[in-house]
Amino acid sequence: MKTTWEIKSLRMILLLVLGLIQGGNTTTTEDSCYAQEDDASIGHWFEQVTQNMLHMQEKMNNLELQMKQMMKVVDDKCSKDKDIVIQRRMDGSVDFYRTWSDYKVGFGNNSGELFIGLENIHKLTTSRPYQLLIILEDWEGDRRLALYDFFAVGSEDQQYPLLSLGSYSGNAGDSLSYHLGQKFSTKDRDNDDYKTNCAVDYTGAWWYKSCHYSNLNGRYLKYDVVGNAQGVDWYHFKQQHSSQKFVEMILRPR
């Protein structure tokens, strides 16, 4: 129960507010109708208001918690459904002529040239279905796309083979299906079908066969060298070997 002083203070506040509403026409004398209210009645009303406010605050807290939980669900879904860049070539700032261990774990940086690592690609593509989108741009500014609708890479025990590509679509030409089923090769791990190490011959790392129609981890040549298959090559772009200015390989959830 509130003290008489607290109740009278509350009464004064209520009267002042009421006076403002009524244009100042109010009274605070003991003979007013408000002054005649029983202290116990006012105290009971005050307790009810307090309880209602506490109950409302509890509801607001619960609502805030539910909203945070809903946002987390949305954020988790968005993070699972977003595109993932697994490789990028753009300026030659990162050396891609690397060893097996480098290609296993990945290298580069998210804002520039990168390869996210064969182990990561394997885990991603065997955890759910992904498409592979490849964006290519030549030195004349011609940008083209290649899309494979079911991309998957095997485990390290299998030598990270190119297990699946699905169907091809796009305007860049299909320079990857030739490599389907091939194991990954680097300069220190020769898994190709050729008599020599294609990774060494073409200064890259790829799913070489005998040897390649694509070599997107090849040398970054800062000019278009026609006929040079050591560069960032996608043969069917121009029906000839030439090095691209820009490449992105992107995993896209199906």
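Cys211 counts as buried, with a relative accessibility of 6%. In this predicted model, Cys211 forms a disulfide with Cys198, and the structure holds one such link.

**Disulfide**
- The sulfur atoms of Cys198 and Cys211 are 1.8 Å apart.
- The link is left-handed, with -75 degrees about the S-S bond.
- Cys198 lies in helix α5 and Cys211 in the loop between α5 and β9 (214–215), so the pair ties together parts 13 residues apart in sequence.
- Cys198 is also buried, at 0% relative accessibility.

**Largest nonpolar core**
- This core has 40 residues, and those touching the most other members are Leu132, Ile134, Phe151, Leu176, Leu216 and Trp234.
- Elements that each supply at least two residues include α3 (100–105), α4 (118–125), β4 (130–137), α5 (198–201) and β11 (246–253).
- Strand β4 gives the most, with four residues.

**Helix α4**
- Leu118, Ile121, His122 and Thr125 are the buried residues of α4.
- Viewed down the axis of α4, these residues fall within an arc of 100 degrees, so they line one face of the helix.
- An α-helix has 3.6 residues a turn, so residues three or four places apart point the same way.
- The cover over the buried residues of α4 includes β1 (84–89), α3, β3, β4, β6 (152–153) and β11.

**Gln131**
- Gln131 lies in strand β4 and is buried, with a relative accessible area of 19% against a cut-off of under 20%.
- Beyond its neighbours within four places in sequence, Gln131 has contacts that include Leu147, Tyr148, Phe151, Ile250 and Arg252.

Key: Residues are numbered from 1 along each chain as its sequence is written. This is a predicted model: local features need pLDDT of at least 70, side-chain atom pairs count only at pLDDT 80 or more; totals for chains, interfaces and linings use all residues. Side-chain values use heavy atoms; hydrogens and water are left out. A nonpolar core is a set of buried Ala, Val, Leu, Ile, Met, Phe, Trp, Tyr and Cys residues joined through side-chain atoms within 4.5 Å. Buried means under 20% relative accessible area, exposed over 50%, partly exposed in between (1.4 Å probe, protein chains only). The arc is that of the directions from the helix axis to the C-beta atoms. Contact means heavy atoms within 4.5 Å. A disulfide is a pair of cysteine sulfur atoms within 2.5 Å.
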